[in-house]
Amino acid sequence: METNEGAVLSLQNFRKQFGSGCEKCADLDERHLQRNYCPNCRTTYACADVSLELYGGEILGVVGESGSGKSTLLRCLYFDEEASSGEAFLQGYKSGQVNIFTETGQQKRYIRNYHLGMVYQNPYMGLRMSFSSIGNIAEKLIAAGGRSVDEMTGRATSLLHKVDIPPYRFLETPATFSGGMQQRVQIAKALSNNPPILLLDEITTGLDLSVQAKVLDLIKGIQRELSISMIVVSHDLAVIRMLAERTIVMLDGKIVEQGLTDQVLEDPQHPYTQKLVQSLL
Amino acid sequence: MGEVLKVSGLNKHFALFPGPKVLVGCQDVHLVLGRGEFVGITGRSGSGKSTILKCIYRTYLPQSGHIWYDSARFGSLDLAKASERRIAHLRRQEIGYVSQFLSVLPRITARGIVESAMLDDGLDLPQVRQATEKLLAHFELDQSLWDVFPQTFSGGEKLRLNIARAMAKKPRLLLLDEPTASLDHESKARVKELLVKLKTEGTSLLGIFHDLEFMDGVCDRVLAMSAGRLTAQNLR
């Protein structure tokens, strides 16, 4: 289905650093970092010159070791962190003509509420644990302009059904749920505003296998039914193999390899990717 | 021209890190596949048969050479260099690949697997339901298995499901990597029947087989490989 020509998300030369930088690490070509860290000024270059494109209806996998900048990438796209430099364009926002990183805070909130959904590895980041499950979803709907209680309740109920939360627990707080249930409430919440792009950060990490299968099945179903584009960050190669059509491999904040998922896994071109694939149990 | 696929000067080797270790996959491979033709490749394990197939499917990135493919959507294009996006489209719509192994999401029923392959192809649901049942029945997959997760299947049942899934799409080009390796006679005959049917419907096939007898009935030409090179054309 190559229906959507052109990328729904296009990211160019994105950088994110934590710390101010110093004269020793200011020059991109000359600097000597320990991996992505400047020992002189203690600046971490979490993402360095990351460019990628996400197309309509596709799932893009991002793999890499801990600290390679995967989550930072997602957090900056969702405006949890501010990008240090670079440009990002959304097809659905101002016809993809405006760099969303330089928009005002108000506009960023709008983009977040209308164009993006995010599922965090830790449900505590994505949910309000003291609100009911329905209330959590309503929160996102209100942010996205919902005002009718009936409509919002209906939407929340159908989403919670979709992610298999039993109806008699709809009014309970996620704090009383198991990890897998919390994750599914988070997915329902992220889907509530019909976002064209969904960002998923290590969503199956820490879940037991049967719950993991359920979550993966759910995501695949969502992709097919709603043709939402997704960026899936995971260090579980099996998850990536099952979900993603294309995959990006990150190391020390840079993309070292990208390609079709089976090509990256079966014919890796970069030494790090080879090591990663060979480490697979 | 009546060619669906034209491979010329294909080279693939694998550079292993660390250090200068290089494995040879295939060297200087030339082959042509006509429309509606069924070409078989045979040869010993490790001779590079699968490498050719995987280069065509772009699971492997070839070092040099061209793989010209005549696409319904894009016209003639070089699979060795086409964009990932185009390859992904071709995989969904035109090029099928069957290996010996079934790789599917856990907890999806046999029926679901075949159906989702057809849904990707853009058919509507009632049609898909019917076609799926017909296909599963043809492969003599017991009805009691249709709504069961394939993790519980026997090797042969998995393989038949795998082939059913690939055939569901009626691909323009079907790559077969020893799909009959562990099948019993009866199942092989079933697979053969369907391959012949696909062929008459216009699918071009390129397959690896060890079973010369199997190839005898269906392949138009058989090529032999050894040490990464095609050594003999048209064994038949």
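In strand E3 of chain A, A:Thr43 is the bridge partner of A:Cys38. Strand E2 (37-38) and E3 (residues 43-55) of chain A run antiparallel and are joined by two bridges; strands are DSSP runs of E of at least two residues, helices runs of H or I of at least four, numbered from the N terminus. The model is a predicted one, in which local features need pLDDT of at least 70, side-chain atom pairs count only at pLDDT 80 or more, and totals for chains, interfaces and linings use all residues. Residues are numbered from 1 along each chain as its sequence is written, chains are lettered from A and ligands numbered from 1 in the order in which they are written, and side-chain values use heavy atoms, without hydrogens and water.

The open sheet of chain A holds four strands in the order E2-E3-E1-E5, with antiparallel pairing (strands pair if DSSP finds at least two bridges between them). E2 and E5 of chain A each have a single partner strand and stand at the edges, so one side of each lacks a neighbour in the sheet.

Turning to helix H3 (residues 105-114) of chain A, its buried residues are A:Lys108, A:Ile111 and A:Asn113; buried means under 20% relative accessible area, exposed over 50% and partly exposed in between, with a 1.4 Å probe and protein chains only. Their cover includes strand E5 (85-90), strand E6 (116-119) and helix H5 (133-143) of chain A, with contact meaning heavy atoms within 4.5 Å.

Of the 281 residues in chain A, 53% are buried. The C-alpha trace of chain A spans about 60 × 45 × 40 Å along its principal axes.
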